[in-house]
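Thanks, everyone, for making the time. Let me put the structure up, and then I will go through a core residue and a strand.

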Amino acid sequence: MAQYGGLGGLGGLGGLGGLGGLADAAKFSGLGGFFGQQDPGSHDPMTTLGLQTTAEALRHVTEGTRIAETKELPFSSPDTLDELAVWVRGSLYVSEFLSRISSTVDRTTDNESVTLLVDNQAALKVMRPGPDLLHSQCRFVADYASLRADRSAEITSQLGFPTPYFSMILGLLPAQHSHTLELITATQVAGAHAAMIVKHHLAIRRPDQMDPRLMPMIPTPGHGAFPSAHATEAYAVATVLEALIEEWASLANLPARKKALRALAERIAVNRTVAGVHYPIDSWAGAALGTVVAQTILARGGYGTEVAPMKLAAADVDFYDADFRDDPAAAGLTANGTAFAPEATDAFTWLWNKAKGEGVSG
């Protein structure tokens, strides 16, 4: 299976032992939840031998028959996407998303920042928070620890992509909504990659590395805290799904479901602070980045959404979705330029249209 996840050069799954199992292998591949989906793998040795023997035994039946002409598949066409395995389409989504994403940095001592660009246009500028702000934010992390007993099941089950939580709100079923679930995974993977680009440049230590009193209840991830990838992914998915269910126009009580999606995104983000691995400002940065990721994916899918450029110079506040929606400036999140429309792409347009056609009756 390793070769199908883009890890063939590592010599198969046996060579992935140091990555900590399939979950880590999926992350390492860059395909996340796409890793191995619909990969046929291999037959067991007995079946392989049996097939070989049967093929040899039946060869005489087909001897002398004319080789039929076959019609070539269309060249460079989205019409072939239906015939691909999910993990292969996953590779195309990653390629389409990342090939048009770039970043620039400002290394000025008093103005260290990273700007994420979409189609060579500035989408989100994030200022690097200083140590005084991080130390002050530790008080929130300490206070949130009191919620660990109540939220431990959520926190541990959300270490990967929390797709079941979104499925619960919208009543998604694999048999009926396979492409919607594929769209969710594509959005999560895109959000994860975008977050890692920004994290790398900003290089912010985790709370437990800033304050010895803060002891996480889960392993501290081996990359920077700011922005939160979980917040990025959650807000990206919530935003994409808000647009999708508007297109469906068939779910009962649409406003309530939208509120639930936003509340879930907030809860997923905050759970990482409860766990002790993120500051509230990480959620602010993640929510902003996730919104940009969602706007980009919707535009790639031909939905017509524009990216509204933002700038974050984080303030020392807690994170609440109501503030993110209604008073972002209080947290240092402001508009930063004119909205622009990223170009649509083949794979995301195909996926968006497939998901749009899976609307359910309510």
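Leaving aside its neighbours within four places in sequence, which residues is Phe166 in contact with? Before I answer, please note that this is a predicted model, in which local features need pLDDT of at least 70 and side-chain atom pairs count only at pLDDT 80 or more, while totals for chains, interfaces and linings use all residues. Residues are numbered from 1 along each chain as its sequence is written, and side-chain values use heavy atoms, with hydrogens and water left out.

With contact meaning heavy atoms within 4.5 Å, the partners of Phe166 beyond those neighbours are Ala234, Val237, Ala238, Leu241, Leu261, Leu264 and Ile268. Phe166 and Tyr279 have the most contacts inside the largest nonpolar core, which has 86 residues; such a core is a set of buried Ala, Val, Leu, Ile, Met, Phe, Trp, Tyr and Cys residues joined through side-chain atoms within 4.5 Å, where buried is under 20% relative accessible area with a 1.4 Å probe, protein chains only. Helix H9, residues 229-248, gives the most to this core, with 13 residues; helices (H or I, at least four residues) and strands (E, at least two) are DSSP runs, numbered from the N terminus.

E2 pairs with strand E1, residues 101-106, in the antiparallel sense over 6 bridges, pairing requiring at least two DSSP bridges between two strands.

Conventions: Buried means under 20% relative accessible area, exposed over 50%, partly exposed in between (1.4 Å probe, protein chains only).
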